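Hello,

Here is the structure I said I would pass on. Please have a look, then read my notes below.

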Amino acid sequence: MTLDAFDDYLRDRGLLPRTRRAYCGVIGRAVDGDVGAYVRRLVRQRSPEGTVVQARAAAVHWLVFSGASDIEIASLPRAKGRKGRIRDALSPAALDRFLELAATRREPVRTILLLLPRTGLRISEICNLRTKAVKERDGRMYLDFRGKGDKHRLVPLGTAGAALLTAALGRLKSPKADTPLFSAKGGRPIAPSTVRDVIVLLREREDDLQGVTPHVLRHTYATRALAGGIDLPRLQAILGHESITTTQRYLHPSVDDLADAVDKLEGL
């Protein structure tokens, strides 16, 4: 049984391409194909809840595909994981250093790294962007695509982000065709794991970047957007959150924010 055959099985059941890729990635990470052991390890390590839920769903599909018994499928642990927590955004200095180092990497990883804190996209979303997602209206470039959960998203770009996308389109042989915006060898979309590996290298190189992850870069975008005056409902739409409660996680103030607020109060 191969991952290609598993992908065909998932497609026949109506799963979206990005979901199929995610599930195949889960199975690929399971040592010796032991998906049950992989899910149990994620639960034991208290991995993020979303990671565990996705892994368990992939494991169920794999076991059914493999002809496993109902008892084996029922033996999978419940999808318990670490609840979403508040993550710190990069400081302005750390963000500048990240962008400086990111600019030294090879394409297309370079552009992806530079766009992550400028778009707020999830790493899977940006890696799977297609050229048709890049639109322009009244001189403003924006992304029009379907993100996590097949949810329609409109994400406007600032000057720097638009310049990066324009350059990326210019490097393509057929920029007007419906092709991956960021492709690896063979023309397939670049794998998120490829970008994550580069981020790990940057973390190891710089003390100020030890906590940086693709989601921290997404958080950095959200934090800067709120500081710039974007309200929660609009930020919720840009980030593609189902609930505004999720967006509110980015609202927590820093020590400097609190200090500035106190300084503005008289009589303290």
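Are Arg122 and Glu125 buried or exposed? Both are buried. Keep in mind that this is a predicted model. The side chains of Arg122 and Glu125 also meet in a salt bridge, at 2.7 Å from N to O.

Now the other salt bridges. The count comes to 13. Side chains of opposite charge can pair when their charged atoms come close. One of the pairs is Asp231 with Arg234, where the closest N and O atoms are 2.4 Å apart. Asp231 is partly exposed, with a relative accessible area of 30%. Arg234 counts as exposed, at 56% relative accessibility. Elsewhere, salt bridges with shared partners join Asp7, Asp8, Arg11 and Arg20 into one network.

Within that network, Arg11 and Asp8 form a salt bridge of 3.0 Å, N to O. They sit 3 residues apart in helix α1 (residues 3-12), so about one helical turn separates them. Arg11 is partly exposed, at 41% relative accessible area. Asp8 is partly exposed too, at 32%.

Next, helix α11. It runs over residues 214-227 and has 14 residues. From first C-alpha to last it reaches 20 Å, close to the 20 Å expected at 1.5 Å a residue. α11 is mostly covered, with 10 of its 14 residues buried. Among them are Pro214, Leu217, His219, Tyr221 and Leu226. The buried residues of α11 pack against several elements, including α6 (92-102), β3 (152-156) and α12 (232-239). After α11 comes Gly229, with a positive phi near 105 degrees.

Best wishes

Technical notes. Residues are numbered from 1 along each chain as its sequence is written. This is a predicted model: local features need pLDDT of at least 70, side-chain atom pairs count only at pLDDT 80 or more; totals for chains, interfaces and linings use all residues. Side-chain values use heavy atoms; hydrogens and water are left out. Helices (H or I, at least four residues) and strands (E, at least two) are DSSP runs, numbered from the N terminus. The expected span of a helix is 1.5 Å times one less than its number of residues. Buried means under 20% relative accessible area, exposed over 50%, partly exposed in between (1.4 Å probe, protein chains only). Contact means heavy atoms within 4.5 Å. A salt bridge is a side-chain nitrogen of Lys or Arg within 4 Å of a carboxyl oxygen of Asp or Glu.
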